[in-house]
Amino acid sequence: MQIFIKKLYSDAKLPARATNGAIGFDAYAHNIGKDPDQPLPFTLEPGQRILVGLGIAMAVPPGMQCEIRPRSGLADKHGITITNSPGTLDPDYRGEAGAILINHGKEPFVIEQGMRIAQMIFSAVEIPTFEVVEKLPETIRSQGGFGHTGLTAIKEGTIQYDERIAEQDRFYMAMAIAAAKRSNCARGCRKGDDGKYLRDKKGRLIGQTRQFGCVIVKDDNVVSIGFNAQAPGQPLCADVGCLREIENITSGTQIERCRSIHAEWMAFDKMLIAGVGSSTKDAAMYVTAEPCEICAKMIAGSGIDALVVLEDVYPQNGIDIVKAAGINVRFVKKEDLE
């Protein structure tokens with residue numbers, strides 16, 4: 001996204017983020033009342049409010065807004081905040097941006113030119129249309145107004161939401177477990193006297209210890225599945241033996257040596273191959289075991305909103321990587337699926 005911005009005065013300062021992870025752009029004081037003839041500094045007395053010009057104008061794109069919010073440091077240390085917080089710069093406004101400051105503190109506060117007095121947050125908005133109806137859809141709250149839930153009441157909406165999410169998690173985790181059964185990984189499988197892997201009456205390998213599945217869900221719809229299996233072009237471990245067992249590779253190490261791809265990899269690959277027209281942004285991923293560090297890094301950069309993991313199944317230490325990316329991690333207990 002690009003926003004056109006204009007310095008109205010040569011000494012005006014452009015909004016800037018203080019750190020790489022910040023979403024707010026610090027806004028700098030330039031004058032009083034958006035009037036260049038009223039320069040700073042200005043002493044804001046306790047209880048007094050004043051409009052501070054920021055010395056810039058912007059063309060916020062249609063469908064976006066710019067909110068002018070207080071800076072937490074000023075509010076905490078000095079009681080300086082914004083009276084109409086958050087203020088809004090509309091897409092069709094081309095005048096000087098400003099912030100209406102008020103001093104809720106007990107001491108006078110001096111506003112200097114170039115001081116960071118507010119922060120700008122840019123976000124997408126939707127413009128609705130209205131339809132006049134005789135009756136509105138029913139809700140649990142109905143006509144309950146301000147404070148109708150009291151100060152200590154447990155919110156029924158939260159309980160119902162959590163129950164619905166838990167039901168959804170159980171449903172899709174069952175699908176991930178079903179996908180895991182398609183795994184052809186030979187790790188831990190038993191061999192007969194002839195050296196070949198044993199199979200049951202349905203032709204399934206006996207004794208698999210690495211049987212994992214993955215389901216990607218978006219808008220309550222499965223968009224991809226995966227399971228750990230041989231990568232394309234690689235020989236079947238069931239035919240040539242498990243490379244990790246043959247070379248005695250310690251579990252969780254040298255992942256690149258394995259002939260198989262992990263369930264998460266396959267799920268991502270299937271989406272790319274199918275060209276399903278969907279995106280992993282805001283999707284949920286269900287896995288039957290914690291992801292390895294490599295898969296965790298893929299998940300962290302995929303835009304996925306939630307990772308749901310079957311609890312206590314072969315931890316691979318990727319959870320911390322996923323959590324650090326801000327992804328919601330939930331767990332499903334095996335006994336809850338019975």
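Modeller: Strands β2 and β13 (residues 116–124) run antiparallel and are joined by 4 bridges. Strands here are DSSP E runs of at least two residues, helices H or I runs of at least four, both numbered from the N terminus. Two strands pair if DSSP finds at least two bridges between them. The model is predicted: local features need pLDDT of at least 70, side-chain atom pairs count only at pLDDT 80 or more, and totals for chains, interfaces and linings use all residues. Residues are numbered from 1 along each chain as its sequence is written, and side-chain values use heavy atoms, with hydrogens and water left out.

The open sheet has 4 strands, ordered β2-β13-β8-β10, with antiparallel pairing. β2 (25–28) and β10 (87–89) are its edge strands, each pairing on one side only. From one strand to the next, the twist averages 35° (axes are lines fitted to C-alpha atoms; angles run from 0 to 180 degrees between N-to-C directions).

Now the cysteines. The whole structure holds 0 disulfides (a disulfide is a pair of cysteine sulfur atoms within 2.5 Å). For C292, the nearest cysteine sulfur is that of C295, 3.7 Å away. C292 is buried, at 3% relative accessible area (buried is under 20%, exposed over 50%, partly exposed in between; 1.4 Å probe, protein chains only).
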